[in-house]
Amino acid sequence: KKDWDDFLYQCSNVNLLQTWEYGEGKRNAEGWIPVRSFIANAIKPFCAVQTLVKKVPLLGGIARINRAPLFVSSNNKFKPDNGTVVQVLRFLYHHWVERQKFILYIAPNILQDEVGSEALEEIGFHRADDNAWSSILVDLSLEENDLRKNLHQSWRRNLSNRSEKMQLMLEIESSENGFSFLMDKYNQTMIEKDFSGPPERLLRELRN
């Protein structure tokens, strides 16, 4: 765990789904086995990937890579060239699909325009869902005024005209009762809004 944590501290765009704790949470809550790998060049490791694997009757093995690979960065702004990214993705496909004969699902930790769909299809990947969710990065080191300027006009208007005028209070709660209250609201919202999110058992494992 220390080796994994120390390496991730050197990477850029690190996310919860690649942490040691998330892998253990998926193991305890859903039976996925985390496989943690360092990819190295001739000198030293430059990339990390946490893969979740599970044996499924009739299908064989399933491997899931979510928001990886993660690349080392000396200043947290390192951006590997597209050729390196493609090489790593090709290696992951070769290892899990061609050698292990697993079904591989991957949501790579790359921007949409970094690696073209043609390059991904050439490796062997195919888009599973055109309506998949997407995410953004927000630089919280900016001043509050700059963060506000960068908001879309409608977000800025709602923030200023509605939320701030309501004088909402933020309460930090870390007790078991507070977490159970949150989970009750979370499960209720999934039913009312008809969507599927991470199961409560996994969230409790992460909290633990």
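Ground rules, quickly. The model is predicted, so local features need pLDDT of at least 70 and side-chain atom pairs count only at pLDDT 80 or more, while totals for chains, interfaces and linings use all residues. Residues are numbered from 1 along each chain as its sequence is written, and side-chain values use heavy atoms, with hydrogens and water left out.

Overall layout. The chain has eight helices and five strands. Those are DSSP runs, numbered from the N terminus: helices are H or I with at least four residues, strands are E with at least two. The order from the N terminus is α-α-β-β-β-β-α-β-α-α-α-α-α. The C-alpha trace spans about 60 × 40 × 35 Å along its principal axes. Of the 208 residues, 28% count as buried. Buried is under 20% relative accessible area, exposed over 50%, partly exposed in between, with a 1.4 Å probe and protein chains only.

Now the cores. A nonpolar core is a set of buried Ala, Val, Leu, Ile, Met, Phe, Trp, Tyr and Cys residues joined through side-chain atoms within 4.5 Å. The largest one has 21 residues, and Val49, Ile65 and Trp96 touch the most other members. Strand E2 (45–56), strand E3 (60–68) and helix H3 (82–99) each give two or more residues. H3 gives the most, with seven.

What does Trp96 touch, leaving out residues up to four places away in sequence? Its partners are Val35, Thr51, Val53, Ala63, Ile65, Lys101, Phe102 and Leu104. Contact here means heavy atoms within 4.5 Å. A second, separate core has seven residues, including Tyr22, Leu52, Ile62 and Leu202.

On to helix H8, residues 200–207. Helix H7 (residues 176–193) packs with H8 at about 155°, axes 11 Å apart. Axes are lines fitted to C-alpha atoms, for helices over the stretch in contact, and angles run from 0 to 180 degrees between N-to-C directions. The pair is therefore roughly antiparallel. Under 35 degrees is roughly parallel, over 145 roughly antiparallel, 65 to 115 roughly perpendicular, the rest oblique. H7 residues in the contact include Phe179, Met183 and Tyr186; Leu203 and Arg207 are among those from H8.

Helix H2 (residues 20–30) also meets H8: the axes come within 9 Å and cross at roughly 135°. H2 and H8 are therefore oblique. Tyr22 of H2 and Leu202 of H8 are among the contact residues.
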